[in-house]
Amino acid sequence: MENNVDTTSVFYQKITSKKLLKWLKECIDLCQPDKVHLCDGYQSEYEQLCLEEAAKGSFIKLNKKLRPNSYLVRSNPADVARVEECTFICSEKESDAGPTNNWFDPERMRIKLQGFFRGCMNGRTMYIIPFCMGPLGSSLSTVGVEISDSAYAVCNMHIMTRMGNAALELINQADNFIPCLHSVGVPLKSNDTDVKWPCCPEKRHIVHFPESQEIWSYGSGYGGNALLGKKCLALRIASATARREGWLAEHMLILGLTNPEGNKKYMAAAFPSACGKTNLSMLQTTVPNWKVECVGDDIAWIKPGPDGRLYAINPEAGFFGVAPGTSIKSNPNAMLSIRGNSIFTNVALTDKGDVWWEGMTEEKPNHLIDWKGKDWYPSSSTLAAHPNARFTAPIEQCPCVDNEFENIAGVPLEAIIFGGRRNSDIPLVREANSWQQGVFMGASISSETTSASSGETGKLRHDPFAMLPFCGYNMGDYFSHWLEIGKGMKKDKLPKIYFVNWFNKDEKGNFIWPGFGENSRILKWIFERSEDKAEALKTAIGLIPKELDLEGLTIKPGNLSRLFQVKKKVWQQELKNLRTYFQTFGDHLPTELLKEIEKIEKQL
Ligand code: GTP
Ligand code: SPV
Ligand code: MN
């Protein structure tokens, strides 16, 4: 079939990159869209697209007094989260994808994808989205172009990335970019009426070619599956590039912590999906006169700087945050960030035309339209919002966005924190006694699965460095790369490494630690450790606080000691499990990690 797209159209004059022109032609020939739209990134473009989607009924405009310039979108109930089983790393060699990734032969995958994408945009508009991950003009940033047939993806990319003309200019200058092709996988015939959330769950494929730096995503419109700058580019492709170039692409928040004297230190923290990054990155401290400011809530690109320290940038420009559990009490800065100009996906709609989700208010509204579009009452047995319902909001709207957010050089890191969701036996906080032990800590993360990914929730699994779903190469080589970064730096310039767990529970299933703003007490200890002002006690599994600032907090003494107990039998079992897990990496596993296990075993 011929396509009727006019390639002499005026916007082609704006594209001078030969690589982009060539790829664009290939994509048009393959996907056969009805129309092509080159995104300029202007606010007017965003508004126009939202209006068009609202006219189709795909977007629901929220009450402009309560939630100005904001929309609710309901996805297909079969397309609500990342799909790890459909995510592929297509490296030339299978061993370069490693045992934690789905590998597929690149040549065979290309043939499969050509089949999927042929004619997939019939009856639709192809949007060309030039975008920049990281501050414009930073040598740490990377440009990409997403081609998508989803207006929802375009609107989210408007918020999540620096996209449009400025990014296109960088692409034209460099004649280079990372190509990211996305389709919801639902071509339309001339008299078909479109559904509100087109997707093709049976054929979902989220595919990465780390060597040629390409992304192909088919069949899903949701989050990390469709906003290809995020997990696909900024983590899976970037992690593989970072290994080659000597830096790190991590699933980490970045925060600045200022003490009452006005001294500020930056920290990064990696927790698995839906385990508290957004919350920690913008927390309101309960320790008086301490302040947290947010550089990023999900991804950090970390590179050694000219002074020998590690510097981090946030490649994103917005939050794609978990809605349920977010309230004025738990995370006031997130609530203020989403006061307007936001997109809400799979949350509930109130009778006044505002949004609601479980945990937003103590009292449930008397009536809602739930995330599936059905009437909902407090007596309903179903959830009003999907557990992976999300808000998309510009980072500038965060009341505590850090001044250095746009700094092209990034911010210097003085601590790196790892953590997971564990209901028992993992202490509230501990400090590694060396970079090597810290790398072991990162590699040792296990966490209960959450709704951020499809599949069973609450199941404990290994999630090293919170990167299990996001590492674009062999995880064993990734461990070695982390060790190499440490070896290449002066000891006094290396950030200290910590491990936290906010999620210990008592017999009744209640959280022992209050979490959220109270986590500032832990951040304070970490801050003061880096100035040698706070003391620590040695345990077999790392250093724990001699004392924490708990002023104003009521916590039962029994519970406090429980948060720091190190049970010999439990840890022997934990280490045994880790040894078995590490064996799956075969000769890609750095022996240093086994040495760390042995050291702890001896000390237990
Ligand atoms: P992704 O965006 O999926 O990467 O998630 P995230 O790591 O940013 O997690 P987020 O901060 O959105 O928190 C996920 C869930 O954990 C929310 O429902 C929060 O309310 C809850 N949560 C976050 N911090 C804490 C905490 O300190 N204690 C407890 N008990 N729950 C928390
Ligand atoms: C995560 O799952 O870690 C997320 C949400 O941040 S998504 O963008 O869908 O990957
Ligand atoms: Mn995430």
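How many salt bridges does a search of the whole structure find? The count comes to 36. Keep in mind that this is a predicted model.

**Stop 1: the metal.** Select the manganese ion (ligand 3) and show its protein donors: Lys231 through NZ, His251 through NE2 and Asp298 through OD, 2.2 to 2.5 Å from the ion. Along the chain, these donors follow the spacing K-x19-H-x46-D. Lys231 sits in helix 7 (residues 229–245), while His251 is in the loop between strand 12 (248–250) and strand 13 (252–258).

Stop 2: Next, pick Arg422 and Glu574, whose closest N and O atoms are 2.9 Å apart in a salt bridge. Arg422 is in the loop between strand 25 (411–419) and strand 26 (429–431) and Glu574 is in helix 14 (residues 568–583), so this pair ties together parts 152 residues apart in sequence. Buried or exposed? Arg422 is buried at 11%, and Glu574 is buried at 13%.

**Stop 3: strand to strand.** Select Glu431 and Lys496, a salt bridge at 3.7 Å, N to O. Glu431 belongs to strand 26 and Lys496 to strand 29 (residues 496–500). Glu431 is buried at 2%, whereas Lys496 is partly exposed at 27%.

How values were computed. Residues are numbered from 1 along each chain as its sequence is written. Chains are lettered from A and ligands numbered from 1 in the order in which they are written. This is a predicted model: local features need pLDDT of at least 70, side-chain atom pairs count only at pLDDT 80 or more; totals for chains, interfaces and linings use all residues. Side-chain values use heavy atoms; hydrogens and water are left out. Donors are N, O and S atoms within 2.8 Å of the metal (3.2 Å for Na, K and Ca); water is not among the atoms, so sites may look incomplete. Helices (H or I, at least four residues) and strands (E, at least two) are DSSP runs, numbered from the N terminus. A salt bridge is a side-chain nitrogen of Lys or Arg within 4 Å of a carboxyl oxygen of Asp or Glu. Buried means under 20% relative accessible area, exposed over 50%, partly exposed in between (1.4 Å probe, protein chains only).
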